[in-house]
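Dear colleague,

I am handing over the structure we discussed, and my notes follow directly below it. Please read them alongside the coordinates.

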Amino acid sequence: MRVYPEVTHTDPGTLKLKDFQSDQDVRWCPGCGDYSILANVQRAMPGLGIPKENFVFVSGIGCSSRFPYYMNTYGMHTIHGRAPAVATGIKSARPDLSVWVITGDGDALSIGGNHFLHVLRRNVDIKYMLFNNRIYGLTKGQYSPTSEVGKKTKSSPLGSIDYPIDPVSMALGAGATFVARTVDVDAQGFQKVLASAAEHKGTAFIEIYQNCNIFNDGAFVQIQDKKSRPSHALMLEHGKPMRFGEKNEKGIVLDSQGQPQVVHVGDGADSVSEDKLLIHDETSDTLPFVISRMRPPNFPTPLGVIRKVKAESYDAMLNAQVASQASKRKSVQELLNSGETWRVG
Amino acid sequence: MQAAPQAPETVESVVIRFAGDSGDGMQLTGTQFTETSALAGNDLATFPDFPAEIRAPAGSLAGVSGFQVHISSNEVFTPGDEPDVLVAMNPAALKANLRDLKKGGTLILDTDQFNDKNLTRVGYASNPLEDGSLSNYHVHKVDISGITIKSIEELGLGQRAAVRCKNFFALGLVYWMYNRTLDHTLGWIDAKFPGKPEVADANRRALKAGYHYGETVEVFAHTYSVAQAEIEPGVYKNMSGNEALALGLMAAAELSGLDLFLGSYPITPASDILHALSRHKHMGVRTFQAEDEIAAAAAAVGAAFAGSLAVTTTSGPGMLLKAETINLALMMELPLLIIDVQRGGPSTGLPTKTEQSDLLMAMYGRNGESPIPIIAPRSPGDCFYAAVEAARIALESMTPVILLSDGYIANGAEPWKIPDMSKIAPIAVKFHTDPSTFKPYARNEFLGRPWAIPGTPGLEHRIGGLEKENVSGNVSYTPENHDFMSRLRAEKVQKVADRYQPSELYGDASGDLLVLGWGGTFGAIRAGVKTAREAGLKVSQLHLRNMNPLPNDLGDILKQFKRVLVPELNLGQLSQIVRARYLVDAKPYTKMQGKPFKEIEIFHAIKAVLEVN
């Protein structure tokens, strides 16, 4: 006889932002980008239509991984790099739960690289937020797998000789069904991405550029600053031409070799008309890869939903397999008695 | 010419080893002989011995696969020290196994395979069939391949398909020698090849050809019979350790009312537990084949938080990788079963061979003070009860529990009396639901904490690997709290011993020698002690199942004996613990050959320590 409690769920319509704030003091450094991310997530929670008790936040190790302590939901602060695996277990056992993984560039891409790859490949129905500050913060400032070549840190006094990894390219390579990128302080862009991720059934991977004001200050200043953002960020919208610039005067086209190019949009001799611009298609198999390779200084930083396609999730398929066999369930005694047996005495 | 049938000679027990190339189907042959003997009422034990390579080059020593079965009209404790009969399907099988064969034992050899190429390949300078080197044995030279091919010639299957049936010829011949019927195997063939009538027919013909060969050829006129054993009445089935573990886990899920979740990564010799549970989706079992050992354990920890009976299965190298995750479960105080089917180590070691060398790793192989209950089943069938007990402790005390099986009992099989589930006490699990009384790290009578699963309104809480404050479960770095919690976790595990049944001694309560063993060596030690007692020695046996915490009465029992001998398949791990804990001069008796103890080895070790001849 199953022993799971019968519960009456709280009405999600009554939830407010403060319901998601825990009683723990937030211990990130003053000025850390994590504060903006926490506020953005807490703000989005009440609107998702999910009872508060059904949220589980799972993290690994690092500054970002303190996140679950500050959410008044179920939470697990696990071990370095393994949060996606823990989350896979939770969601596989309990598909009724809304499972969110919080991780950082070291946690997800260095020590936890294998789990990053496989949770995306399996398309487990979780939200997966990677706070990328391109530095190790909790261990006090070593270069990370997303740090740029030449970066001088405590462990690379002559400059880092590691080539960085691009989380979005890597996620796409793993077959991620939802990939987005946003910036800690861009509340509007963040909420759009979260809303789109929330309705996605499958692994929703969001890379969040996050400023570490202690060890890597200003890493993303050009796209954090509202004034410079239009010139340096390409705000992607499904079905819309790719345009950016201070006066929205620039755009992206594909040249005859299929390579993206930045062009001036307009009617002049050196300009390209809007109807020639690349149109963003979240569902394309190849375009997201092209987008993932666009980066400064030659390109603006693409932000928003990069890929979003439908595919059945691992947990849904697992539980469907279990459900499909349920009518054949036996007692363990029947199981023991089956097969080749013989009687003695 | 038909040989005149003689009455079979009755023998008490016999040990037979089938050996051949790993493609020759020796495991199947051995299993069929085992099942037929079980149906005939013998007590028995088996030991499959196969190479780490899936298909080593045909005819090579590395590719030899063996299956040993010990059948008896008396109680059987082990698969037998040395075979009475060796069936060797090629020169490699002969070379790899001859040294184990009893002096004067019986050899059945496939002459067809003793050609120059095969002999040279394994380093025979001359043909042992002809050079007199086998004169100390009863040698039966049979053209097994040739006769098999002839017997199915008219089916037109081609030579390669025909050669694949030769193991059934050998099986048929051994059935004749030991007066067994073909019924069980004929039924098995029918069930195995329903859509391939010609393959079924070929196997049937080969089996019967072997049997009739024995009947017809005079040298086999002398046959043997092993009578029924006196066995506790009941319904039995043949049970391997890994299968029993899978069944025990499902039984624990039923007894506790929980859903079973397995996170696992394939590893020899534990993979069969993953296979068995994967086949049981209809029992509500969810299995997750993870990307690595760490993810397998981590997913299980997640499932435990979510309210499943969570299990991860592995062998030594995987245990190392899981260590950090096991400690997370310990700190989070979540129930988690970790099953380590021990194999030869260190490193990749001897993947398909048995050893008991993970005990100290299970006890101490994690950072910090990390007490975890450890249970070690003693036989294949005992794995079922060990799994239920491990789950009971994990759920009562909210703790990870390690179960130490080993390659020997995992792959070995024995006739197993089917348990009556109604006689096994349910495992009481009560999820916390009341927000007004909820403290995440409050304590029950076993010092376990409440289990509050996601989805329960008002019990939202956070747990993690950082040190926790007792009762509130908040992160705490205060020195006094860490000291308190370290002692509390130790006490929680120590209290498990209060729930044990009193230890059961085999033999007298005091004497000259106590033989103290643990886990899969039970059978050999029991047989060795029995022989010693029959020889008049004042020897008793205590076989430990609960390795951590050790039984509360162990210290007193040790004091009742003048000497203590600890046989182990390692270099003395339990003996170290016993010496440290009880200040007793426990003598290790150790072996590191990837093989189980022989009964005779234990007997000799007993005599040596007692200084008798």
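How many bridges join strand S2 of chain A to S17(B), and do these strands run parallel or antiparallel? There are 3 bridges between S2 (residues 74-77) of chain A and S17(B), and the two strands run parallel; strands pair here if DSSP finds at least two bridges between them, while strands (E, at least two residues) and helices (H or I, at least four) are DSSP runs numbered from the N terminus. Within this pairing, Met76(A) stands opposite Ile463(B).

Please bear in mind that this is a predicted model, in which local features need pLDDT of at least 70 and side-chain atom pairs count only at pLDDT 80 or more, whereas totals for chains, interfaces and linings use all residues. Residues are numbered from 1 along each chain as its sequence is written, and chains are lettered from A and ligands numbered from 1 in the order in which they are written.

The contact between the chains (C-beta atoms, placed from the backbone, within 7 Å) takes 56 residues from chain A and 61 residues from chain B. On the side of chain B that touches chain A, the elements giving two or more residues include helix H1 (26-39), helix H12 (316-332) and strand S17 (462-464), but H11(B) gives the most, with 9 residues.

As for chain A, its secondary structure comes to 11 helices and 13 strands, and its C-alpha atoms fill a box of roughly 100 × 45 × 45 Å along the principal axes.

Best regards

Notes: Two residues are in contact if their C-beta atoms, placed from the backbone, lie within 7 Å.
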